[in-house]
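The following paragraphs guide the reader through a structure, moving from whole chains to individual elements. Please keep the sequence and the three-dimensional view at hand while reading.

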Amino acid sequence: MAILTSKYPLSVEERRERRRLILSDTLSLTTLFAITLALAFVTNRFYQSYASHQAELANRWRVRGEAALKAGHAQAAIVALRSALAYAPGERKIEIELAEALASAGRIPEATSYFNTLSESEPGSGIINLQLARLAARQNDVRQALEHYHRAIYGDWEGDGYVRRRQVRMEMINFLIAKHLDDEARTELLVAAGNAPEQDLQFHIEVAQAMEQAHDFVDALRTYRKILQHNPSSLAAAVGAGRTAFQLGRYAEARQYLERAVNNPSMAGQPVEVSRTARDLLRDVTRLLLLYPSPELRAKARSARILEDRQIALARLQSCLARQGTTPENSQKVVAAAPAAGKRESGSVSIPRALQGSLQSLESTFQHHPQKAEADNAPKPAQGAAGLADVLARWNEQPEKITLSRLESDPDLAQSIIQLIYDTERVTAQVCGPPGGDDALLLKIAQAPNAVEQE
Amino acid sequence: MNIQNGGLDTETLEEQSRYTPEPPDIQKIAPHRDERLFLVLSIFFGILSGLLVVCFRVAITWFQVLTLGSAPHPGQLRLLFVPMAVGLLVGALVQLVFPAARGSGVNQTKAALYIYNGFISFRTVVGKFITSALAIGGGFSLGPEDPSLQIGAGVASMVSRRLRLSRDRLRMFAPIGAAAGLAAAFNAPISAILFVVEEVIGNWSAAVLGSIVLSAISSVVVARSFWGPEPMFRIPSVTIEHSGELLAYAALGVMGGVSALIFSKALAFLRPRLRQLPPWTRFCQPPLAGLMVGAIGFFGAPEVMGPGYGAIDQAMHGFFTWKFLLALALLKIFATTVSFSSGTPGGMFAPTLFIGAMLGASIASFEKAFFPQFSVSVGSYALVGMGVLFAGFLRVPLTSVFMVLEVSGNYSIVLPVILANTIAYLVSRGLQPVPIFETFTHQDGLDLPSMEEQREESTLHLEDALVPVNVPIFSGSDPVGKIATEEATVAAPVFLVSLRDGSWYAMTREELSAAAATSTPQAPLESTLKPERVPLLFPDLPLDSAIPYLSRWPVLPIQNRASRGKLEGVVTMDDVIRRYQRK
């Protein structure tokens, strides 16, 4: 054994002693080796048992925590998830769930601090930034929320990152809409729509609906149209397109989509509320188109519609004047004049003279009792009253009696009456509040008459 | 059975007397045996310590789950009573079966090295393992690192005794085993090596350093094969964007230094008072301490119980508010003080780290709450806080820096760590001159060397005793007859001879007389000299390096390192002694 070599000559006794030492050392080292092996084996078994028990405990507490979180027992979830984390330190999923539990328990500062720390170790994590965005949103910190939403969108995601990023973007869009940041929401919606594959119709419907909420009806309608090109039988797209076209004042187009929706066989399977809304909308748009004095109509039919609309507008005006407190007798005369006009010979309507009295009465009302007028209709601007007076004056300037044949032969008169009808609806809506029934439909036409039949 | 001095003296001495040292002829029949076994055994100690420490840590966790449940939280009655019951059991075991298991383990290892020739009994190792595992697992506010250190040292001591190694080797095995035990407990070999060098050995000895490194590395390899290669704590990279941020770390250093002082004072106050109580009270002290710690857990802070690594991790992840973190730091100081002072076996490392982490995280959380414009990382502050307390309380500045770097595996934090640790160390040292381990040593009636003093002791060099050449100088080519008759040599008892090869010879008057008597007068002086030459000594060498030669040479020339043969001065035994006496 080299380690026992001696440079000095040894006696017999010393050589025997050396041999004994060699034997003893060999035996000791072998024993030590055996002890080490045995200890390694025991330690390994001990550790394996410990590790499996740790994993079992971690799993048990994680399951309990998740169940508590789902059940809305945030405090219990915190205790359970903390315990799970103690047995599985650094387990990212549990850490995130724990932070979620903290947030659910209303411990926002702790949850934010916890997520911030998680974010420090993983700044590009999508899920952590999403949670931070939600926390900031809960605290109405729009800037922070948007910053974290953007980081989440461009962050790392496990599994299907594309879908998760899209979901986050939609969540951010909904947040923007809720905060009335429509311009920002529209920008994000265009990005979302641009990124989505064309065959993902469901997502495009979601985007289009969000566009509607962000008051981006043009893009919403365009998106619905695109969906219908790919899937003409899409009920949601048809309803959405009808609704959006209606919002844009494109009533002919709206009717087309809504008819398609109502006649769609799958409408039967929809909730009552959905089908009722669609039918109501279709009914309104149909009626609206019946009221619309389209230039495309033959002269007679158009004139008949103008006369009908005129009656509706006058009735609305009289009603509004009555509400404004003009003299009872004048108001009575005006009110009486309109239905009476309708009951006269077909195709002939007279201008009620009583409107002149109403005008005077209205003027004196605003001169002598301005405060009363303001008190009755506080939000109405002063020019509303002036507009009402102006409309009244213009009605009084109209010929007393208008027949169908006269309207057919006098396009200028027809046009001026149409304009007066629209102005009446607009002014009365301004002064007396939003109208209902046919007046509401006429008002819609009045807002964009040229778009009614646009497709 | 004497349990004074932390169970260090009587029992150890009794057991030590049973150990027969090696027969003296081993050095003759196998002169290199010890040296070669030393390295092989270092690796074995590392592996054995690593395995034992893994078992120790696992045993603690098992016992913790068994007694305190898998999810201790406030309001559980068991938190109140389990530590008390465990304290009763541990108190009885320490008093009746394992008296040497008392204490943390660091001073006991030092005592083994300096007093008992590296002797640590098997009973002590077993006792330390069992009682520490019970106490820490039962909720006492103590840590497993110091006991691991002693277990490692004990294993090394047992094996080296079995192999009948020389006394010198036997003594050196205690720190080697200690490094292995600590390295496995911390999963940090460099910190363990540095701690043993800073706190146990006290100096960098090349002879033992290699073995310490081997054993520490071996034990960490074993430990990592179980725990995995991950660092103990994970924190993100720290970027100091503005140098002003270092001010916050400096503030943490000051707070850490003050906290270390409070912690040290509390221990220095309570421990001797409890030890002065009648012996029978030592059965009651651990259960009472357990009850107090249990009450803290029961009424709201179970994080304080046990080593608290889980809570440290949570603090690093910003789980707690700054007020709660501060409360946890203070409660931990209290809980550890009563746990340790009661004589319950267990270490101080983990509580120190806990307190530091809570302080650091508290400052970071406070900053985040009130100064959101600062980019504060709670994890970094907690980590630096751990190092700060380590430096301030345990007074091991170098270890504290490397410990932080190793347990986090993050070297980007080095600048704040060095700054904060240095401040904490200076503050603590300025306010509490005696380190805590030394205080314990004095309380135990022992007189172990102070490593802090040793580290800072200034070494004397030859230049400190050097005097100008005050003896005659001759050339080796000068004839003997001429020199013997010169007036200068007649009076001088000794003179220097410069030789052709640049070496020097210190010749006495008697030697010259003898040379003159036996040689022709024309013979060159060099031919009459004995073959040996004065050693080559330089001014920067330690002063004691001259002592072995002064018995042979009455005067030693000190030469210039740059020009061979040029003298800087001379030293004599009187000069050396005078210099030492002046110190």
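In chain B, 79% of the contacts between residues at least 6 apart in sequence join residues at least 24 apart. This value, like every other one discussed here, comes from a predicted model. Chain B comprises 28 helices and five strands, and 55% of its 583 residues count as buried.

Chain A may be described in the same terms. It has 21 helices and two strands. Of the 455 residues in chain A, 40% are buried. Among the contacts of chain A that link residues at least 6 apart in sequence, 55% join residues at least 24 apart.

The two chains touch each other. The contact draws 40 residues from chain B and 35 residues from chain A. On the side of chain B that touches chain A, at least two residues each are supplied by helix H3 (26-29), helix H4 (33-68), helix H8 (145-162), helix H14 (309-316), helix H16 (349-370) and H17, all of chain B. The largest share, 12 residues, comes from H4(B). By residue class, this side of chain B divides into 21 nonpolar, 11 polar and eight charged residues.

What follows just after H17(B)? There, Arg395(B) adopts a positive phi of about 60°, a value noted in a residue other than glycine. Arg395(B) lies in the loop between H17 and helix H18 (397-408) of chain B. Arg395(B) has 27 other C-beta atoms within 10 Å and is therefore buried, given that 20 or more such atoms are required.

Asn187(B) belongs to the loop between helix H9 (167-186) and helix H10 (189-201) of chain B. With 23 other C-beta atoms within 10 Å, Asn187(B) is buried.

Burial also marks helix H6 (residues 106-114) of chain B, in which eight of the nine residues are buried. The buried residues of H6(B) are Val106(B), Asn107(B), Gln108(B), Thr109(B), Lys110(B), Ala111(B), Ala112(B) and Leu113(B).

The strands of chain B come next. Three of them form an open sheet in the order E1-E2-E3, with mixed pairing. Strand E1 (473-475) and strand E3 (504-508) of chain B stand at the edges; each has a single partner strand, so one side of each lacks a neighbour in the sheet. From one strand to the next, the twist averages 30°. Strand E2 (residues 494-498) of chain B and E3(B) run antiparallel and are joined by five bridges. Within this pairing, Leu496(B) has Ala506(B) in E3(B) as its bridge partner. Helix H25 (residues 509-518) of chain B packs on the sheet, where it touches E2 and E3 of chain B, and its direction makes about 85° with that of E3(B).

Another strand pair is formed by strand E4 (residues 556-559) and strand E5 (residues 567-571) of chain B, which are antiparallel over four bridges. Ile558(B) has Gly569(B) in E5(B) as its bridge partner. In a regular strand, side chains alternate between the two faces of the sheet. Both faces of E4(B) are covered: Leu556(B) and Ile558(B) are buried on one side, and Pro557(B) and Gln559(B) are buried on the other.

Two packed helices are described by the angle between their axes and the distance between the axes. For helix H14 (residues 299-324) and helix H21 (residues 437-447) of chain A, the axes come within 10 Å and cross at roughly 110°. H14(A) and H21(A) are therefore roughly perpendicular to each other, since angles of 65 to 115 degrees fall in that class. At their contact, Asp309(A), Ile312(A), Ala313(A) and Arg316(A) of H14(A) meet Asp438(A), Asp439(A) and Leu442(A) of H21(A). The residues of this contact divide into three nonpolar, no polar and four charged.

Notes: Residues numbered from 1 in each chain as written. Chains lettered and ligands numbered in written order. Predicted model: local features only at pLDDT ≥ 70, side-chain atom pairs only at ≥ 80, totals over all residues. Contact = placed C-beta atoms within 7 Å. Nonpolar A, V, L, I, M, F, W, Y, C, P; charged D, E, K, R; others polar. Buried ≥ 20, exposed ≤ 12 C-beta atoms within 10 Å, placed from the backbone. Axes fitted to C-alpha atoms, helices over the stretch in contact; angles between N-to-C directions. Parallel < 35°, antiparallel > 145°, perpendicular 65-115°, else oblique. Pairing = 2+ DSSP bridges.
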